[in-house]
Amino acid sequence: MKIVRKVRTIIRIKKNKPVISADTKSFRAVRRFSLNRTYTPIKIGAVTGYIILGMLSASTSMFGILIGTMIRIAGY
């Protein structure tokens, strides 16, 4: 017999709080980016990301086929 407990969470919304936008960066993130200047994020679109992922997958598959063929020719 399972005992199931129902837990209620109450979220209190404070009045007169400013709305946080999804585009705004927090102060720590901005400070961290300014201190670490070697890191530059690259923004690419979703389609470009899928194309790069497909190219990576294809090159990995071709490398595996190449190694498998070489091992097969070697007689293992």
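I checked burial first: buried residues make up 1% of the 76 in the protein (buried is under 20% relative accessible area, exposed over 50%, partly exposed in between; 1.4 Å probe, protein chains only). This is a predicted model, where local features need pLDDT of at least 70, side-chain atom pairs count only at pLDDT 80 or more, and totals for chains, interfaces and linings use all residues. Numbering runs from 1 along each chain as its sequence is written, and side-chain values use heavy atoms, leaving out hydrogens and water.

I looked up the secondary structure and got two helices and zero strands (DSSP runs numbered from the N terminus: helices H or I, at least four residues; strands E, at least two). Helix α2 covers residues 46–74. Just after α2, I noted glycine 75 with a positive phi of about 100 degrees.

Isoleucine 67 counts as partly exposed because its relative accessibility is 33%.
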